[in-house]
Amino acid sequence: AAKTPSFDKDRDYIGFATLPEQVHRKSVKRGFEFTLMVVGESGLGKSTLINSLFLGDLYKNRQMPNVEERIEKTTRVEKKTMDIEERGVRLRLTVVDTPGFGDAINCEDSWRVCTQYIDEQFRQYFTDESGLNRRNIQDNRVHCCLYFVPPWGHSLRQMDLDLIRRLHRKVNIVLVIGKADCLNKTEVRKLKERILQDLEDNHIQLYQFPECDSDEDDDFKQQDRELKASIPFAVVGSNTILEVAGKKVRGRQYPWGVVNVEDAEHSDFIKLRTFLISTHMQDLKDTTQVSSSRSLRCPPLLTYCVPPSQDVHYENFRAQCISQISQHALRERGKLKRDSISSTNGFDAAISETDRLLLQKDEEIRRMQDMLTQMQEKLKQTH
Ligand code: GDP
């Protein structure tokens with residue numbers, strides 16, 4: 001007969017209700033990772049905003065190139081990592097910056113650098129995931145791309161559209177209007193409307209907020225509605241702490257008054273921070289997990305894996321890689337078959353070796369095709 005452990009004697013429940021706490025404890029121990037790519041031309045307030053968001057100083061030793069250097073300059077990728085801890089929870093934040101973006105007269109390589117970087121991280125993750133040590137994979141995939149739009153001008157520029165069009169199926173893009181204190185309320189509203197219209201006209205889908213669960217409380221639902229309605233976020237950044245009416249605020253002092261960065265009436269900074277850090281960080285990571293691009297040659301059988309929605313980006317990329325490997329195996333098989341036919345009057349030993357390789361290839365292809373079918377089923381269910 002099964003022995004009841006003494007410590008369980010008086011218990012009238014099974015005990016799995018502690019599962020969330022167990023997961024929580026384990027995750028806290030492990031810590032969290034988040035990679036944010038920041039893209040936009042220089043001077044739009046990107047570094048100031050990142051420092052304001054994460055209360056750090058990630059750009060201490062930054063050197064500004066002069067105008068001649070900027071004309072020649074190509075876009076680079078620079079990675080900065082910061083370990084943050086809040087109430088015992090550790091977050092390793094990586095900010096991927098793209099200095100030189102849009103600086104040169106010919107900006108064509110700007111988007112190429114960004115897309116290549118994102119693809120490389122997917123590829124690296126795919127290689128690591130297919131290797132032996134899958135438990136300790138360093139996840140360098142880009143979970144979110146903050147794309148900065150200037151407050152001047154009337155909407156998106158060709159250069160913005162060029163980049164967004166190339167990235168929107170690879171990464172969660174969140175649009176941010178930088179230096180929004182240059183605009184009044186009506187101008188902000190109009191600029192947002194025109195940007196959204198441009199995106200729609202160009203069939204561009206940025207990060208999609210997940211639907212709010214019906215059992216969430218009313219405050220959460222209201223917050224979610226407000227966040228969705230604020231897109232693209234019009235932000236003001238500042239690394240200066242000012243004193244206003246006896247209270248310390250992060251703000252910008254002007255001759256006519258103070259812009260309080262954290263005041264929802266002055267800018268969407270707080271909304272962006274809530275979205276990015278407090279409410280949607282995990283969803284941005286989940287969406288990245290299964291994402292990729294249609295711009296990477298997509299085999300016909302996978303073309304339905306379209307919208308960059310929940311669980312899309314990396315899985316899609318992975319499915320394409322496996323499909324490409326399986327096509328390669330098919331080509332190799334064809335070659336082996338041809339060799340085997342052309343050597344029919346050759347030696348028996350050579351033929352049996354070719355037959356063995358053919359069988360091996362058949363097995364490999366069958367395995368890949370099984371995997372692909374499973375993935376397609378999973379993706380179909382997701383959408
Ligand atoms: P980056 O090159 O995009 O990283 O831009 P920086 O963060 O270095 O900012 C460039 C300049 O704009 C600096 O002088 C900042 O103090 C200023 N700046 C940063 N954020 C804002 C903002 O929200 N509004 C205004 N008016 N100026 C800003």
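Trainee: Which helix holds Leu-19?

Mentor: Leu-19 sits in helix H1, residues 19-30. Helices (H or I, at least four residues) and strands (E, at least two) are DSSP runs numbered from the N terminus. Bear in mind that this is a predicted model, where local features need pLDDT of at least 70 and side-chain atom pairs count only at 80 or more, while totals for chains, interfaces and linings use all residues. Residues are numbered from 1 along each chain as its sequence is written, and side-chain values use heavy atoms, leaving out hydrogens and water.

Trainee: What is the relative accessible area of Leu-19?

Mentor: Leu-19 comes out at 45%, so it is partly exposed (between buried, under 20%, and exposed, over 50%; 1.4 Å probe, protein chains only).

Trainee: Which residues touch the most other members of the largest nonpolar core?

Mentor: In soluble globular proteins, nonpolar side chains tend to be buried together. A nonpolar core here means buried Ala, Val, Leu, Ile, Met, Phe, Trp, Tyr and Cys joined through side-chain atoms within 4.5 Å. The largest one has 74 residues, and Leu-146, Leu-175, Leu-272 and Phe-275 touch the most other members. Helix H4 (residues 108-130) gives this core its largest share, seven residues. Beyond four places in sequence, Leu-272 is in contact (heavy atoms within 4.5 Å) with residues including Leu-49, Leu-53, Leu-146 and Phe-233.

Trainee: What is the strand order in the open sheet?

Mentor: The six strands run S2-S3-S1-S4-S5-S6, with mixed pairing (two strands pair if DSSP finds at least two bridges). S2 (78-86) and S6 (233-234) each have a single partner strand, so one side of each lacks a neighbour in the sheet. S4 (residues 144-149) and S5 (residues 173-177) are parallel, over five bridges, and Cys-145 stands opposite Ile-173 in S5.
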